Amino acid sequence: MYRYDEFDHKLVAERVEQLRRQVKRRMSGELTEDQFKPLRLMNGLYMQLHAYMLRVNVPYGSLSSAQMRKFAHVARRYDKGFGHFTTRQNIQYNWIKLEETPDLLAELAEVEVTAIQSSGNCVRNITSDHYAGRAKDELEDPRVYCELLRQYSVLNPEFSYLPRKFKIAVTGSPHDRAAVALHDIGLRMHLNEAGQVGFEVLVGGGQGRTPFLAHTIREWLEPEHLLSYVEAILRVYNIHGRRDNIHKARIKIIVNQMGIDRYRELVEADFERIRGSALKIPQAELDRINAYFAPPEYEELEDISGELAALRAADERFDRWVGANVAAHKVPGYSIVNLSLKAPGRAPGDMTADAMDAVADLADRYSMGEIRVNHRQNLSFVDVRQCELHTLWQKLEGLELATPNINRLSDVVCCPGLDFCSLANSRSIPVAQDLSRHFIDVDKLALVGDFTINISGCMNACGHHHVGNIGILGVDKRGKEFFQLTLGGSSDEGASLGDRLGRALPQEDVPLAVEAIVAAYLDIREEGERFLDTYRRVGIEPFKEAVYGPSVVRAVA
Amino acid sequence: MSPVHRHGSRVPNMQMIIASRLTDGRVVFLGDGGAWVDSIECGVVLEKEEDAARRMSEAELAVTDNRIFDPYFIDVVVEDGERRPTKVREAIRAFGPSVRTDLSAGGWDWHVQIR
Amino acid sequence: MALVRGNAVVEDPFTNLAGREDIPSSGAIIVDLEQWRANRDALAGRADPVGIRLRSDQPPELIAAELGFLDMVALEFPAFKDGRAYSYARLLRDQYGYTGEIRAVGDVLLEQLHFMERTGFDAFELDSDDPLRDLQIARSEFDVWYQPSADGRMTAIELRHQRGG
């Protein structure tokens, strides 16, 4: 994990003191709310339904056990005993006091955590593959570039008042767990024809009211030019991005308006001008940061598939858990373990302070003190010895973090919705809770297989419903909460946006509608097909029929 | 923030003024004597238009005074002797998130549908 | 409204001709792009200083060829959230090599002064009770940054490796 040096520490400390001063100016009235709002947003402080909400960065999803313990402490000391992990590798607290925020941030700074630019019209948290550095399918660890981008973007004087927010994601694996096609800038590491590692650069992806998949602006970019190229993209956006309408201000709008070819022309022209400048990444800095991401000291172990198979055969519950929640590691004898925050009835992403402390302890004992946060509001331990899988599982079960549902039906991703968020027009969490209670049969989960459900409480799409295999969007129909379903979304390397299924449904019909879709899928699917594959093969009609057809027995509204 | 009827119909009903307290961002209601109170039960109910206008001016003063911000009107009804906002969003502000009734004020029963 | 340049509040030597039809024959003046274009030759040949004031939708490439005649470029912030002028200032310095005064005008607050200085502004029209105090605060809050700045001061990366750290 990256560790701050004296310069990183200094910058963060200075930013905290600046906010302290800005808060004082707000409290005394020297700054109006209008003047203060962008300043507090640039430190992640929102005004929501209940109180100030603070969004804290987990840079590219990497978290140490010490940082997790600090999150627990913050939840107890400054909030109501829990935090919420989001779809962008952040954590949110919902009952923060303005007057306590500078002290809170100073405490976070002690463990090298910030809320800098987690909101505002600037470059946000750089997100990445939560298996970075560990996945078997990875080409190269992207985190060194994430850290370089993070430093480049923090308090960047030219790009702190962009037309709108700006999100960057990086993947080092061809299997894209970072959803790069859905970001303002997506970076995909791959080999060119000469076998050199570089970046495919994508621009103009995003969800919200007008979802778009990103376009490729550059097929292959030398890594040393990453910052220059990103700067050129940001500069063209800063100058040309629309500022007349908040809903048309993202880069995806201007890229699609002027066309990717024209946008590329402008970017390449500026890039040519600056590629040799101070932004070229010096090898010394690359090496310095890379050293922090060096793999840990692994023991020389062997894959123990035989012993594991025996354990699995002896214990159905353990078997289900390994099948759903455990992933392959680069290093023999090790595994990646996913902690499901989606026990039946849980609000997706929520975690109590006690659970955070317990997870920190487990991370120290079983996974070299590191935790990863992912986009589906779950956590991962990425360095677990296979021989300890069974013991770890038992402990996770005790904490209700072992529901065998990763990327399955009850692993629902959900925004905070109207229960917390002032933008929402419907309550999304009760829908997620209903679904996770409805799909409680773990054998059924295994039978159905990979199936992502994403729920957003409004068109801003923070639940990423456009890329759910089933997307659920809350809409306000004559003052009542209704839900619009979409099918066939996907956020990985074959990214697609979901298709609208039909008219919006009242909340109580949603679980049955999902049940009907699942039943239709099980009926139609061919050998080895996930839901997404079947959907892409047969189209939407069978599912429309299943949900809205005359033969459907509907719940009484 | 201009004193505009943000919510509610023109049918005579009860209104209150809701706002956010500056220091901690918490939901407050305009009470008597210029006080801002945490509980919807303790706030002032406005039943006449001239009351409403006068009270909103009071609220505007509190904004200038840096005590609160974003004041606006909400409609309330009395049910079973308890005051409730007519809109779900305002009820969530008054009582807390529907999914965490352990954190709510007033212990209001979320299974009651709002018309 | 106070004009701050360097470390002092100064009298503005320029007269802003906004909205005026006539161009006075002497004195330092500020014109907008339309006035510049309408009176280009006269203004280019003018003995006294000429400054231009650009709106936030007028990028510096529009006057790139004219910079040799301009003693001052004022870049507008119609609202402090409109951040286009930060890029314009950088382009003026880095792409067009402009060394004259770049002045921030419009909605200019203490809270943005630090970023303005780093992108190449060296004069500010500040609506403040105590503009020098504001400037002093803005300059004292940060002495570390990650990105190259217009004044050539070292970045954290440069400092790190200069010391072999």
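These legends describe close-up views of a predicted model.

**View 1. The domains of chain A, with the meeting of domain 2 and domain 4.**
Chain A is divided into domain 1 (6-110), domain 2 (135-290), domain 3 (305-398) and domain 4 (413-548). The view shows domain 2 and domain 4 of chain A, whose C-alpha centres lie 30 Å apart. Eleven residues from domain 2 of chain A and eleven residues from domain 4 of chain A take part in the contact. On the side of domain 2 of chain A that touches domain 4 of chain A, six residues are nonpolar, three are polar and two are charged.

**View 2. Helix 1 and helix 4 of chain A.**
Two packed helices are described by the angle between their axes and the distance between the axes. For helix 1 of chain A and helix 4 (residues 101-110) of chain A, the axes come within 9 Å and cross at roughly 175°. Angles over 145 degrees count as roughly antiparallel, so helix 1 of chain A is roughly antiparallel to helix 4 of chain A. Helix 1 of chain A brings Val12(A), Ala13(A), Val16(A), Leu19(A), Arg20(A) and Val23(A) to this contact. These residues meet Thr101(A), Pro102(A), Leu105(A), Ala106(A) and Ala109(A) in helix 4 of chain A. By class, the contact of the two helices has nine nonpolar residues, one polar residue and one charged residue.

**View 3. The buried residues of helix 14 of chain A.**
Helix 14 of chain A covers residues 429-438. Its buried residues are Ile429(A), Pro430(A), Val431(A), Ala432(A), Leu435(A) and Ser436(A). The strands of chain A against which these buried residues pack are strand 16 (413-414), strand 17, strand 18 and strand 19 (480-487). They also pack against helix 16 (510-524) of chain A.

**View 4. Two loop residues of chain A with positive phi.**
Tyr60(A) is in the loop between strand 2 (52-57) and strand 3 (62-64) of chain A. Phi of Tyr60(A) is near 45°, a positive value in a residue other than glycine. A residue is buried if 20 or more other C-beta atoms lie within 10 Å of its own. Tyr60(A) counts as buried because it has 26 C-beta neighbours inside 10 Å.
Ala461(A) is in the loop between strand 17 (453-456) and strand 18 (470-477) of chain A. Ala461(A) is a residue other than glycine, and its phi has a positive value near 65°. With 23 other C-beta atoms within 10 Å, Ala461(A) is buried.

**View 5. The side of chain A that touches chain C.**
The contact takes 31 residues from chain A and 27 residues from chain C. Five helices of chain A give two or more residues to this side: helix 1 (6-27), helix 2 (33-41), helix 5 (143-153), helix 6 (226-240) and helix 9 (283-292). Helix 1 of chain A gives the largest share, six residues. By class, the side of chain A that touches chain C has 15 nonpolar, eight polar and eight charged residues.

**View 6. Chain C.**
Chain C has six helices and eight strands. Along the sequence, these elements follow the pattern β-β-β-β-α-α-β-β-α-β-α-β-α-α. The radius of gyration of chain C is 17 Å, close to the 15 Å that the globule rule gives for 165 residues, so chain C is as compact as a globular protein of that length. The C-alpha trace of chain C spans about 60 × 35 × 30 Å along its principal axes. Buried residues account for 38% of the 165 residues of chain C. Of the contacts in chain C between residues at least 6 apart in sequence, 45% join residues at least 24 apart.

Chain B contains two helices and five strands. Their order from the N terminus on is β-β-β-α-β-β-α. Of the 115 residues in chain B, 34% are buried. Among contacts in chain B between residues at least 6 apart in sequence, 53% join residues at least 24 apart. Where chain B meets chain A, 18 residues of chain B are in contact with 20 residues of chain A. The side of chain A that touches chain B has eleven nonpolar, three polar and six charged residues.

Note on methods: Residues are numbered from 1 along each chain as its sequence is written. Chains are lettered from A and ligands numbered from 1 in the order in which they are written. This is a predicted model: local features need pLDDT of at least 70, side-chain atom pairs count only at pLDDT 80 or more; totals for chains, interfaces and linings use all residues. Helices (H or I, at least four residues) and strands (E, at least two) are DSSP runs, numbered from the N terminus. A residue is buried if 20 or more other C-beta atoms lie within 10 Å of its own, exposed if 12 or fewer, and partly exposed in between; C-beta atoms are placed from the backbone. Two residues are in contact if their C-beta atoms, placed from the backbone, lie within 7 Å. Ala, Val, Leu, Ile, Met, Phe, Trp, Tyr, Cys and Pro count as nonpolar, Asp, Glu, Lys and Arg as charged, and the others, Gly among them, as polar. The radius of gyration is taken over C-alpha atoms; the globule rule is 2.2 Å times the number of residues to the power 0.38. Axes are lines fitted to C-alpha atoms, for helices over the stretch in contact, and angles run from 0 to 180 degrees between N-to-C directions. Angles under 35 degrees count as roughly parallel, over 145 as roughly antiparallel, 65 to 115 as roughly perpendicular and the rest as oblique. Domain bounds come from an automatic or database domain assignment.
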